[in-house]
Amino acid sequence: MHIRRTRSAATALLLAVALIPATLTTASAADAPAPTPAAPGVTSGRQSTDPQKVRDFWTPERIARALANEKKDQARIARDATLAGAAAEASEDRARSAAPRLTAEAPRVLPARQAGVSATAAAADVPEMPVAQEVPFPQNAPAIVVGKILYTDDAGEEHGCSGASVSADGNNTVWTAGHCVHPGDGRGADGFYDLVLFIPGYRESLETPGEYDAPWGEWVAQSFVAPEAWTQDRDYEDADLAAFTVEAPAGYTNLTDTVGALGYKFGYGSDWPDIIDSGFPGEGYQRTDMDGYTQFYCTGDVVDAMDWNPLDNRLEMNCDMGGGASGGPMATPEGQIVGANSHAEVDDQDQRINDHLYSSDHGDQAVAVINAINDAN
């Protein structure tokens with residue numbers, strides 16, 4: 001467990017300057033600024049499996065195996081994040097102070113049936129609620145913007161994550177964690193997972209326990225975008241994030257019209273008040289009541305996980321959701337994503353040691369991903 005330290009005035013000033021977004025200005029040749037470094041690279045890929053085959057694959061039995069694997073995934077991901085962080089600190093080539101400071105922002109979008117209602121919510125004080133509660137109206141907007149992600153890995157094993165419809169060109173995009181679409185093993189475009197399915201408003205069947213309902217359709221992944229820093233280097237500090245487009249099932253127009261879309265605010269730092277974090281956890285810290293079918297949420301402030309370390313700007317929130325909530329959005333009361341659930345902390349016996357939940361910094365890498373998705377549509 002890390003010990004939080006008070007940031008010195010000098011460090012605070014350094015970080016404040018570093019987080020000023022890059023802007024374009026008109027200048028003469030004599031006083032032209034140095035060229036802005038290139039934005040981070042991204043990896044793009046496609047899911048070629050027939051969409052109906054993907055939907056048919058996910059039987060109740062296979063989903064049950066995915067939910068069981070989520071519990072093992074949390075410990076593995078936590079170990080990976082710890083090792084990756086140690087390696088990053090030892091590396092001398094991660095001079096992020098020289099990287100561009102990019103920003104991107106978009107408001108949330110309501111479902112088409114609520115198009116006449118203002119999509120801008122007034123800022124409100126959100127109470128600290130680190131002990132996750134069930135979402136009270138999971139089949140109503142805005143809860144249905146969050147859904148379950150299902151996928152198979154290279155060994156053919158089933159897994160689950162969470163994700164959210166996000167505002168993007170084409171109106172068919174999901175935001176999630178990088179590890180929910182790619183193992184980060186260096187294979188690039190060939191490494192994206194298969195049989196990836198997004199189910200907004202997912203729930204256990206009301207008629208047949210052990211089966212599931214998809215009241216808002218089953219949306220098959222089409223194209224993926226993740227940071228190269230994830231696909232090549234498995235960077236949990238800056239790059240455990242991704243987006244993918246989906247195909248509308250029969251009877252639907254697009255994802256945004258159907259369930260709405262969260263906006264985003266990328267590149268504005270790691271400290272946020274009044275964040276709402278949601279997902280479909282199959283377990284939690286000192287919890288036994290999470291089943292992977294039910295949407296839960298936490299509320300409270302998000303802080304810079306290592307405020308004394310300018311190279312580690314992960315988001316940290318007190319929230320006891322666990323495996324299965326990976327990829328779920330950390331969003332402002334105005335409905336803008338600022339992070340995505342990535343990992344927790346475990347001890348040497350793979351037991352979670354606290355209720356801290358971490359997201360990669362949603363800065364330059366997140367801007368590069370959303371820009372690539374928009375450029376492709």
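How much space lies in the largest cavity?

1. **Overall make-up.** The model is a prediction. The protein has 6 helices and 18 strands. Of its 377 residues, 56% are buried. Among contacts with a separation of 6 or more, 75% are between residues 24 or more positions apart.

2. **The largest cavity.** The count comes to 2 cavities of 30 Å³ or more. The space in the largest cavity is about 160 Å³. Its lining is made up of 20 residues, and those nearest the centre are Q74, G322, G323, S326 and S342. At least two lining residues are supplied by each of helix 3 (60–90), strand 5 (158–165) and strand 17 (336–343). Helix 3 provides the largest share, with 4 residues. By class, the lining of the largest cavity holds 10 polar, 7 nonpolar and 3 charged residues.

3. **The second largest cavity.** This cavity contains about 70 Å³ of space. Its lining consists of R108, V109, L110, P111, A141, P142, V145, V259, G260, A261 and L262. By class, 9 of these residues are nonpolar, 1 is polar and 1 is charged.

4. **A cis peptide bond in that lining.** Both A141 and P142 line the second largest cavity. The peptide bond from A141 to P142 is cis, and its omega is near 10 degrees. Most peptide bonds are trans. P142 is located in the loop between strand 3 (129–134) and strand 4 (146–152).

5. **D257.** This residue has its place in helix 5 (residues 255–259). Apart from neighbours within four places in sequence, D257 makes contact with P111 and A112. One of these, P111, is also among the residues lining the second largest cavity. The C-alpha atoms of D257 and Q114 are 9.2 Å apart, although 143 residues separate the two along the chain.

6. **N341.** Strand 17 holds N341. N341 counts as buried because its relative accessibility is 1%, and buried means under 20%. Which side chain is joined to that of N341 by a polar contact of 3.0 Å? The partner is D277. Leaving out residues up to four places away in sequence, N341 touches A177, H179, D277, S278, M321, A325, S326, G327, G328, M330, L357 and Y358. Of these, S326 is also one of the residues nearest the centre of the largest cavity.

7. **Nonpolar cores.** The largest nonpolar core has 39 residues, and the members that touch the most others are W58, I63, W175, Y202, Y264 and F266. Helix 6 (residues 364–376) gives the most to this core, contributing 6 residues. A second, separate core has 22 residues, including A177, C180, W216 and V246. A177 is also among the residues touched by N341. For I63, the contacts beyond four places in sequence are W58, L150, Y202, Y212 and Y293. In soluble globular proteins, nonpolar side chains tend to be buried together.

8. Most residues other than glycine have a negative phi. D274 belongs to strand 13 (residues 272–279), whereas D350 is in the loop between strand 17 and strand 18 (356–359). D274 counts as buried because its relative accessibility is 15%, which falls under the 20% limit. D350, at 31%, counts as partly exposed.

Technical notes
Residues numbered from 1 in each chain as written. Predicted model: local features only at pLDDT ≥ 70, side-chain atom pairs only at ≥ 80, totals over all residues. Heavy atoms only, no water. Contact = heavy atoms within 4.5 Å. 1 Å grid on protein atoms, 1.4 Å probe; cavity = no way out; pocket = protein on both sides within 12 Å on 5 of 7 lines; lining within 4 Å. Points joined across faces, edges and corners; volume = space filled by probe spheres on them. Nonpolar A, V, L, I, M, F, W, Y, C, P; charged D, E, K, R; others polar. Buried < 20%, exposed > 50% of the residue type's maximum accessible area, 1.4 Å probe, protein only. Polar contact = N/O pair within 3.5 Å; in protein donor to acceptor, adjacent residues only side chain to side chain. Core = buried A, V, L, I, M, F, W, Y, C linked by side-chain atoms within 4.5 Å.
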